[in-house]
Each structure stands twice: as structure tokens, then as C-alpha cells.
Amino acid sequence: AWKKYAAHGFKTKEDFEKEVVRHVETTLARSMFNCDEGAAYSAASLAFRDRLITEWNRTQQRQTFSDGKRVYYLSLEFLMGRALDNAMLNVGMKDVARGGLADLGFRIEDIIDQEHDAALGNGGLGRLAACFLDSLASLNYPAWGYGLRYRYGIFKQEIVDGYQVEVPDYWLDFNPWEFPRHDVTVDIQFYGNVRKYQDSQGKQQVSWEGGEIVKAVAFDVPIPGFDTPATNNLRLWSSKAASGEFDFQKFNSGDYESSVADQQRAETISAVLYPNDNLDRGKELRLKQQYFWVAASLYDIVRRFKKSKRAWSEFPDQVAIQLNDTHPTLAVVELQRILLDLEGLEWDEAWSIVSQTFGYTNHTVLPEALEKWSVPLFQNLLPRHLQIIYEINLYFLQTVERKFPKERDLLARVSIIEESQPKMVRMAYLAIVGSHKVNGVAELHSDLIKTTIFKDFVKIFGPDKFTNVTNGITPRRWLHQANPRLSELIASKTGGIGFLKDLNLLNELEKYVDDKEFKKEWAEIKYANKVRLAKHIKTTTDVTVNPSALFDIQVKRIHEYKRQQMNIFGVIHRYLTIKNMTPEERKKLAPRVSIFGGKAAPGYWMAKTIIHLINNVGAVVNKDPDVGDLLKVIFLEDYNVSKAEIIIPASDISEHISTAGTEASGTSNMKFVLNGGLIIGTCDGANIEITREIGEDNIFLFGNLAEDVEDLRHSHTYGSHTIDSDLAKVFEEIKKGTFGDAGAFSALVGAIEDHGDYYLVSDDFNTYLHTQALVDEAYKNQDEWISKCITSVARMGFFSSDRCINEYAESIWNVEPLAPENGD
Ligand code: 26M
């Protein structure tokens, strides 16, 4: 199958070279004599892009002719990373390209490295959407992604004097992977008012009038599947002033500046990704982004449906729309508005279509992340939508009242409108009421939403509306692309690269758990990956780390619930222990490199303080001659997808240590294990299912359980809260000023000592240290350690995003793959 599609790629490296030269000399208008790596990257990308276009068009045609159901994945975030390497591997032409580039005097790695990440996301939620696109295309599902084309993705993080500094990520200078569709535009309305009137037949009509119009322009990004010609589409909307809106009156009357200002105001809508992860701040521009994107996407989806000339009742048989968290929930209201106000359907018929079309995925239980919009703000920006929400709520509450007539409190609890000052629209409740399925992203998380935040809705709708789809990751990017040598070794033992499409084939590896030769190769690959990361650490931080040391990695967004503070307190404890040892005792210790990476939301002061502490600890520890190689502390600047591809394959152990019940799933835990690293973690999110799959001997679990968290918090507040004695020593050292001005860290320490230790750092600290000691011991026996790693990888098949997407397709979307025909 691999070779079958080669005809659609380049036949030889000479073919490829010719195309690169042609693009350098024509598209880029440069001469080959001054073709630098940047130009070579652009030309190579354009050459691959050209190859994708044919299959992309055929895929769209195939979908149109087959006239079946399509899936639309609505996400405000797509954390795509780089496209060239991925396109080369998915098309199966990387070796051809390597040869061609070599002939032209370039190393393919240097060319790949020229690409700027497409960083249109914050963290887990955005990267999950990107993995899903890869699986949808690779499995031949007729699917579209819809998002916003931010001019600025997630900010670039710089570390200056130990502090995070945010630098704008202007990434669109030249992006060969997007196709502007200046002919695909939608006018989007905001503000204005609602008028009710009787039409000539005496029918009640509603029209939304006045306000302002902004134009949405489509930009399309091809999504190539792996080992299939299927190439799906990611459509990103960009905002600009509507032509009528560019005020010619102002312009002609000489008010040039204010007409340019209008232009810029329109462009502001898609200008910047909100850099919060798990925090909602209710800013008007964010709601504008949401409606702009949702309205443009629905217009597109409805237009496509209408071309088929089917009855409206067939809409849910043709269209499945998945809401990636509550961010696109306005789509529920917008579709109801289209059917009601524009298409003239009756309320009940419209609502039945709407609620059969949508599915809603919840990604967090953190209360501060649950989206709410103030009613006055809504009223001003989207007056008609607010009316429809009130009506949805009325009908919903009436059915609840009928079903549970005696439960007055229940109505207030489940109302989509919170009766606060000001009133608020609860988006998660709206999403539940407007969808036919609601899912969490790991078993524990799906259980938790049913028993806590959405408990009343389970009672109202019954348990079948709520389900679990455990997250997954694409093995193409997170094994084959990030760790080519490991992928090759696995291929050599499992009968080729088939495991990349059927990850359960990894099972075959269990046969080699005691194979000396295999284990040697395995260890060599891990070592080489650590050398590669050590080089990156040297060039970016100027710290020399020993690749033979145990690499202990925690890379993810910085958040108190993810407990990077517990990790760094543990590092300080290790440092103090080393300082108190005799030289003989020190010789018995396993050298360790503690590596951190991740961005803090710009307004999240505590998270920024954690980064500051990590850097200050590093500054002290890394130059202490008593410590030497025994401990190094590294903070890697600007963690992103392309850096993850270097970091993850180099871990011996990675940390997934959230307070139990707070991390919905986690997905980097899966990436680390798939790359032959072990994990230390709490009984939270997907860690639990990873343990079930790989066996509890192969994971270092510790800490309190989710079911005990509530009681512990209660006891912190109303009982006496004594701090763990080892943690107290760490705090003493911080207060002494060993890591710089103690005042800088008083809030971090105070949150635990004086303010209830909401995330249970002190409660879990002792068992955390104890478990880290077990890690040290286990690492000393390399032979057994490697066996654990191999066994774990062999059992990771379940965590492919292919399995995950197939579950969505079957249990939520009711869609089938559309296989390319023979000879296609
Ligand atoms: C909300 C309002 C305004 C601005 C931004 C937001 C917002 C953005 C991202 C809120 C939440 C966001 O993401 C939540 C998230 O990333 N959740 C993670 O989802 C992953 C994929 O399911 C899980 O693996 C992680 O456990 C979960 O934290």
C-alpha cells in the first residue's frame, strides 16, 4: 500500500530537485546561486504542496459524489506544529526529498528546521484537534476542520533574568501551506436590533437588523492522510472589513484615518489567539471571535448541504458537528436561528434537527475554566441569539418541570441562565441541552463530570447521553516523525510500518523484552535521543548535561493544578540531600537532569512565579561544585510542538503529577510512554488507563485519590493543616534566600502554608519523594528498566488517535470512512 500512491508523489529525487529549482527560480524569483536554507524550505514546501493539491481536489470530489455524511470538527485551536516533515512522511516521499536536497547541497534536517510552527493553540485541547485531523484523514473519513486564522498564534516565550517575557508570534509572513480563498467569503453581522413583524401571509417574522458587518475570508490548509491519497481540508477564517463597510463617505470627505481605523477594527477579530488555558475571562472580543467563526462555518456547512437539495429533516443524516469544548457552542443557537428565521421552519422541527446534529466534548472540570457570558454583553453583541437562548431555556425548563414537578431547586441549578448580578449564560449547559451526546476525554474524567458538574443533567436526560472517549495521539507525528530511529527499529520487528496505521501491532514487541541485541539497539537509540536534547540544552542554556544521567522531564502549560511547584520543591529537597552527603554517599547516587518547559498565561502571576523559582534554583544548583553531574536543573524556553518532538523521545521519566481529579486526560503522558520513557504520576486522567494497559509494574504511581480530595480540602480549611516536614525544610531554605529574594516566592509558599493548599502539594509530598527514590533505584538496573520500557511501548496501541476517532465515528457521529477507489 505504501508504494501504491507513489505515482502521486515524486518518482525520483531528480523529479523533486527539478520542482524545487523551478519554485526557487519562478515562484520565489530567486537564483539558485543565492538559494539559502529559508528559500530551500519554501521551495521544498511548495513542491510538496503541489503534489497534495491533486489528491486534495479528488478527495473533495469523492466526498461530493458519494453524497454521504460529513463530520465537522469545530475548534478555536489547532496546534499543528510544522507541516513539511509531516507532509513528506505522510505522502511517503521523505527519502526522495532527502536525496534531492542533498544533491542541492542541503541537509534535510536543516531545511525542516526553517519552518515556523503553526501554533494556533494553547496546549492539550489544540494539539488534540491536530491529532484528530491527522487520524480523520489517515482513516479516510470525510471530515473538515473549522477554525480561526489568527495572525498571532500563542506568544513566543523568552526567559530574561529567570522571568517569562512574552513576544508576539507573527507567523504569516510567508506560509506555503495555506490557500487564500478570496472567493469564499461570508458577511458576519454584530450588534443591531431585532424587529418582529407580520409578513403578507400574516406569519410572525423576526429580523435582525442594523449593526455592523465584518467579512470572513476562508483560508484552506490541506491535511494529508498517512499512506492514503485522502487529503482533507482545514478551513480557517480570517476577518476583514466588509467592502460596503469601508466607508467611502468618510473616505471621500477626507476622513481617511477613520476609514482605515474601521478596517483595522474588523481585522482585530482574527488577530490574536487568547493565551489562556483552563481560564475564562469573558472578554467581548473573545465572544466576537466565537460568533464570527461559528457563523462563517455554519454558513459554509449549510450551503454545502443545500446543494444536495435534500429536505431539512435529513440534515442530521448528512452533517455531524463536534464542539471542541464550549467555545463553539454558539453554533447551536446559530443553526436554530438559520432554520427558524431564515428558512422558516417551526421551532420544534428546527430544534430536533439542531439537537441531533451536535456533539459536545468537555475538556476540563476546573470551575474557573467553565465559560459564562454576561447577559448584557450578549444582548448588545448578539441580540437575536440571546432571545433564542432564552427560548431554548424556557422549553428546556418546562420539560424539567414536567418531569420533576416538586424540585424547584433543580430548575435554578440547571437553568442556562444563571440568576446572578449580572445574569450569565452558562455555555456548558447550553452545549449539553443542544447536543445529542456529551463526552469526557478519559474514563475518570467522564465519570467525574457525570457525578459532579453535570450530575443534574444525567438525572434529566438519562445516563446514555453521557459517554467517554479516551483521548489518543497520532503515532505518525509522535513516533515516526519525532523518533525515526525507534520507528525503524519497531518496523524491523513488527513486519514493516503497518503499526503506524494499526498501533496494536506494537504487541509484537513483547517477544523481544529479553532479547539482548534488541535491547542494546533500544538503549542506543534512547541515548542518541538524549545526546540530541543535551545539544539543544547546551546551545539554548549553555549548561552542559551528561546524557548518561536520568532525564526527568515535565513539559506542559504551567498551572498550579499540574503541580510544577511540587516538582521543583522535590528538586530542592534533592539538592539539600546532596549537600548533606559525604563524597562516598554521593557516589552511590543516580545522576539526574530535571528538565522543565512550558508557558504561563501572561496574566497568571502564580504560574510565572513557578517559572521564576525553577530558573533561580537552576542558577544555584547548576554552578554548585558539590553537586556536579549529580543534579542539573533546566528550564527550556518556548516549549512548543516542534520542540516537543526533540524533548519527548529523550526522556527516561516524565512527570504527570496533577492533583487527582483535575487533569481531564493529559496526552503528553501517552507521547512519553510511546517513545520508551517511563512515567511518574498521580491516579488522574489517562494515567489510570495507561496503567491498566501497560501494567502497574511499569509505572510509578503515587498520591491521594480523586475520591479523597474533597475531604482533604475540607480538613485544610476547618482542621489543623500541618505541612509535611520535608516540605517545611524546603520552605525554610527558600525563606533563607538561598534561591534569591525570598519575597519573590512568598505567595507560592503562602498558598500552601497559609491558604489551604488547594492542590494538595503538602499531602502528596512525602509519597512523591518516596516514589522518586524508587525511580532512582529502578534506574540503576538498566536491564530491567529497558524491559519495562519495551513492555510499555508494546502495550500502548490503545492510545492511538485512530482508535479514538473510530470511537467518535461509531458512537457519536455515525459516519463511515470513504475509501479511495482502486486505481484512484
Ligand atoms: C477559555 C476562555 C477564554 C480563553 C481561553 C479558554 C480556554 C482555552 C483552552 C479554556 C480551556 C482551554 O483548554 C482546556 C484544555 O486544554 N484542556 C485539556 O484538554 C486536553 C485534551 O482533551 C486534556 O488532555 C487535558 O487534560 C485538558 O487539560
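Visitor: So a helix here is a DSSP run of H or I, at least four residues, numbered from the N terminus. Which helix does lysine 671 lie in?

Guide: In this predicted model, lysine 671 belongs to α26, which spans residues 668–674.

Visitor: Thanks! What does UniProt have on Lys671?

Guide: An unreviewed UniProt entry annotates Lys671 as a modified residue, N6-(pyridoxal phosphate)lysine.

Visitor: Is lysine 671 buried or exposed?

Guide: Lysine 671 is buried, because 30 other C-beta atoms lie within 10 Å and the cut-off for buried is 20 or more.

Visitor: And which residues is lysine 671 in contact with?

Guide: If you leave aside neighbours within four places in sequence, the contacts of lysine 671 are Ile473, Trp478 and Ile648.

Visitor: Changing topic, what are the domains?

Guide: The domain assignment gives domain 1 as 1–61 + 96–114, domain 2 as 67–82 + 117–471 + 808–813, and domain 3 as 475–799.

Visitor: How many residues do domain 2 and domain 3 put into their contact?

Guide: Domain 2 gives 41 residues and domain 3 gives 34 residues. The centres of these two domains, taken over C-alpha atoms, are 35 Å apart.

Visitor: Which element has the largest share on the domain 2 side?

Guide: That is α6, with five residues. The elements that each supply at least two residues there include α6 (124–138), β2 (78–81) and α17 (443–451).

Visitor: What about classes on that side, nonpolar, polar and charged?

Guide: The side of domain 2 that touches domain 3 has 16 polar, 15 nonpolar and ten charged residues.

How values were computed
Residues are numbered from 1 along each chain as its sequence is written. This is a predicted model: local features need pLDDT of at least 70, side-chain atom pairs count only at pLDDT 80 or more; totals for chains, interfaces and linings use all residues. Domain bounds come from an automatic or database domain assignment. Two residues are in contact if their C-beta atoms, placed from the backbone, lie within 7 Å. Ala, Val, Leu, Ile, Met, Phe, Trp, Tyr, Cys and Pro count as nonpolar, Asp, Glu, Lys and Arg as charged, and the others, Gly among them, as polar. UniProt positions are given in the numbering used here, feature names are shortened, and annotations may be inferred rather than shown by experiment. A residue is buried if 20 or more other C-beta atoms lie within 10 Å of its own, exposed if 12 or fewer, and partly exposed in between; C-beta atoms are placed from the backbone.
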